[in-house]
Amino acid sequence: MSTAVPQEILDALTDVDMPKLPSEIASSEAIRLAGMAVPVYRAGCVVVGSGAAGLRAAVEMKRRGDDVVIISQSAWGGTSACSGSDKQTLHTANTADQGDNYKAMARAIRSGGAMDEDTAYVEAVGSSRMMASLQFLGLPLPQDPLGGTLRYQTDHDEVGRATSCGPRTSRLMVKVLAEEAIRLGVPFYNQTTAVKILTEGEGSGRRVVGMLTMRAGDRAEANPLGIALFVSDVIVLAAGGPGELYRDSVYPNGCFGSLGLALEAGVELVNLTESQFGIGTRREGFPWNLSGTYVQAIPHIYSVDADGVEHHFLAQYYRSTRELASNVFRKGYQWPFHATRMLDFRSSLVDLAISCETAAARRVFMDFNRNPLPVPGDLPFCLERLDDDVRLYLGKAGAGQEMPIDRLKHMNPLSIELYRRYKIDIAADPLEFAVNNQHMNGGIMVDTWGRSSLAGCYAVGEAAGTHGVTRPGGAALNAGQVFGTRAAEHIGASGKAKRAAAGDMSAIAEAGIAEMLTTLRTGSPLTVKSVRSQVQARMSEKAGIICDQESVAQALIEARRLNADIRADGLAYGRAAEAVRGVQWRHMALASEAVLSALDFFIGNGGGSRGARAICGPEGESLPHARTGPLEEYRFRREHEEDRNEQIVVRLEGDEMRLSKRANRSLDETARSFFERDWPAWLTGRIYDLSVDE
């Protein structure tokens with residue numbers, strides 16, 4: 001019986017066609033603001049972003065009878081629709097035979113520290129419902145003959161809660177949710193970029209009243225920038241993470257997220273020190289994570305210098321061929337860089353070595369047509385001479401083929417097909433890659449219903465800072481679905497989105513437009529290109545996987561200076577379409593300063609290495625070693641246990657970033673619900689804690 005995957009299956013799981021968007025509902029209202037004819041759109045709730053989390057929120061609100069619209073910079077162009085890996089992971093509750101339960105899963109989700117315990121439990125207990133509803137909508141998660149979901153182990157996952165549709169899991173999630181949103185009649189406004197949150201009130205009484213956008217479809221002689229006003233008392237920020245922050249990034253191009261937008265509105269952010277970095281192909285070609293079977297096939301990894309000379313550089317770091325090959329394999333489920341895994345010749349030494357080669361202006365490749373070369377003086381590569389865990393995994397997978405490309409083809413033919421669709425044949429040619437920024441674990445601070453510190457403003461998906469230091473692979477996809485549903489439930493219970501907002505927003509909107517336009521000045525010496533270059537170089541070179549106190553402090557000074565220059569001189573733009581980028585790069589400059597402020601605050605208060613970054617310095621207690629000896633310049637601080645129990649909060653006040661700490665919210669694991677006692681709180685809506693919004 002043939003085990004070859006039919007071409008139609010390969011097509012369905014790698015080349016996912018997205019649904020056609022419905023026709024936009026034209027504005028029936030326009031007002032004169034700042035000398036322009038500005039169209040007005042009214043809604044009960046505006047969801048910013050058309051990825052999996054935003055679509056989930058919109059679908060759940062529409063089902064509950066809310067008046068909801070979606071605005072999107074580029075529908076089907078964001079991280080959910082355009083990102084993935086070899087078998088992109090969805091992390092959900094497993095069956096009891098794996099020793100699993102919701103509290104155990106919550107402990108695993110929050111095990112990296114700096115994460116609220118109640119949030120972790122919400123994600124765990126909500127995961128079963130989330131997965132079942134996605135399957136109901138048509139998400140093709142793989143099953144065994146008796147209906148069980150196929151599972152595997154992923155990074156920061158000791159139980160095996162991972163499942164996958166293949167490399168395009170999140171795009172398939174977007175597809176089924178988008179089809180449902182269209183079926184329910186949710187209006188989409190594409191090519192619509194949120195540029196300013198409008199509020200009224202002071203202090204703790206401030207609340208959302210609308211959103212200014214720039215829309216390509218609303219550009220006209222009387223409104224050359226396409227400024228439009230969305231009037232709404234409720235918004236859901238679901239525009240993903242700040243993908244443009246880093247030059248070395250695996251995000252799709254044009255992913256700006258909403259952190260700068262939120263900062264400008266005075267919304268509190270949290271855990272901006274926490275990100276994920278890992279190996280992936282560069283964004284100039286086809287940005288993609290190289291985790292899972294790409295590295296479990298154990299390809300040969302090498303670099304090429306300016307003269308075209310190959311360097312077997314990993315042999316300088318690992319003591320034996322067995323150790324080198326086994327740790328390349330482990331990048332499959334230890335994909336994110338983690339400082340402690342640089343020690344004892346473990347898997348993050350691979351990331352450090354690749355990063356050093358890139359910094360030395362060498363290009364790094366993986367070749368699936370060659371096995372790893374031997375470490376000098378050692379035996380050659382052999383599948384029988386691997387660490388026990390690696391040998392056992394490959395044996396169970398039936399991956400005993402002689403060459404990496406054949407092992408990869410056997411374990412995951414979709415991974416080869418995916419690159420082929422982007423005119424890259426990894427079966428024939430080596431694949432260039434680097435260590436890239438991949439995910440922001442911090443973001444907008446929210447409670448267990450997705451509420452931010454600004455009344456009427458919710459955040460879900462990567463925009464929400466719920467993840468803490470580390471998280472199991474695929475937990476972010478789960479969190480976006482769970483909190484998209486939670487936010488929708490809370491908004492529905494409040495009743496604030498049942499009908500389109502009807503207030504007069506003229507004065508607030510005009511002030512907002514005037515403030516926004518101070519950023520856009522045709523005569524400014526600052527350009528979008530120059531700001532982009534400054535921000536991305538600074539973040540990649542000073543706030544990547546290797547940091548030190550002096551470099552971060554200097555980077556923060558430079559980031560503050562850039563924002564002061566933008567406030568003084570604005571940003572120049574040429575075509576009207578570039579004005580949108582001008583506002584977005586002001587937001588990215590703010591987000592960069594916020595991240596560096598949090599990182600400087602953390603390091604300055606003695607914070608140690610954890611998760612995405614090694615905090616290096618001569619006072620460090622931990623010293624990585626290579627085969628050639630100790631790596632003194634990468635001596636790093638250990639993480640302090642007390643730092644795991646708190647989070648750093650950042651808020652923009654005037655022109656200053658204000659920083660503080662707060663303790664993780666706790667969860668009483670001994671508490672037990674009781675039906676008759678607790679049912680009335682559900683019936684009356686007390687579970688939604690609506691009093692804080694009144």
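Tutor: Let's start with helix α2, where Ala52, Leu55, Arg56, Val59, Lys62 and Arg63 meet a set of residues in helix α6: Met173, Val174, Leu177, Ala178, Glu180, Ala181 and Leu184. Here a contact means heavy atoms within 4.5 Å, and helices are DSSP runs of H or I with at least four residues, numbered from the N terminus. Sorted by class, this contact of α2 with α6 has nine nonpolar residues, four charged ones and no polar ones. Nonpolar is Ala, Val, Leu, Ile, Met, Phe, Trp, Tyr, Cys and Pro; charged is Asp, Glu, Lys and Arg; polar is the others, Gly among them.

A quick word on what you're looking at: this is a predicted model, in which local features need pLDDT of at least 70 and side-chain atom pairs count only at pLDDT 80 or more, while totals for chains, interfaces and linings use all residues. Residues are numbered from 1 along each chain as its sequence is written, and side-chain values use heavy atoms, with hydrogens and water left out.

Now the geometry. The α6 helix covers residues 169–184, and its axis comes within 9 Å of the α2 axis, with a crossing of roughly 30 degrees. Axes are lines fitted to C-alpha atoms over the stretch in contact, and angles run from 0 to 180 degrees between N-to-C directions. So α2 and α6 count as roughly parallel to each other (an angle under 35 degrees). The crossing of α2 with α6 is left-handed, meaning the near helix is turned anticlockwise from the far one by less than a right angle; clockwise is right-handed.

Helix α2 has another partner, α14. The axes of α2 and α14 come within 8 Å and cross at roughly 35 degrees, and α2 passes α14 in a right-handed crossing. On the α2 side, the residues are Ala52, Ala53, Arg56, Ala57, Glu60 and Met61. Facing them from α14 are Gly480, Gln481, Gly484, Thr485, Ala488 and Ile491. This contact of α2 with α14 has six nonpolar, four polar and two charged residues. Notice that Ala52 and Arg56 turn up in the α6 contact and in the α14 contact as well.

Helix α5 gives the largest share of the lining, eight residues. By class, the pocket lining divides into 15 nonpolar, twelve charged and six polar residues.

Key:
Helices (H or I, at least four residues) and strands (E, at least two) are DSSP runs, numbered from the N terminus. Angles under 35 degrees count as roughly parallel, over 145 as roughly antiparallel, 65 to 115 as roughly perpendicular and the rest as oblique.
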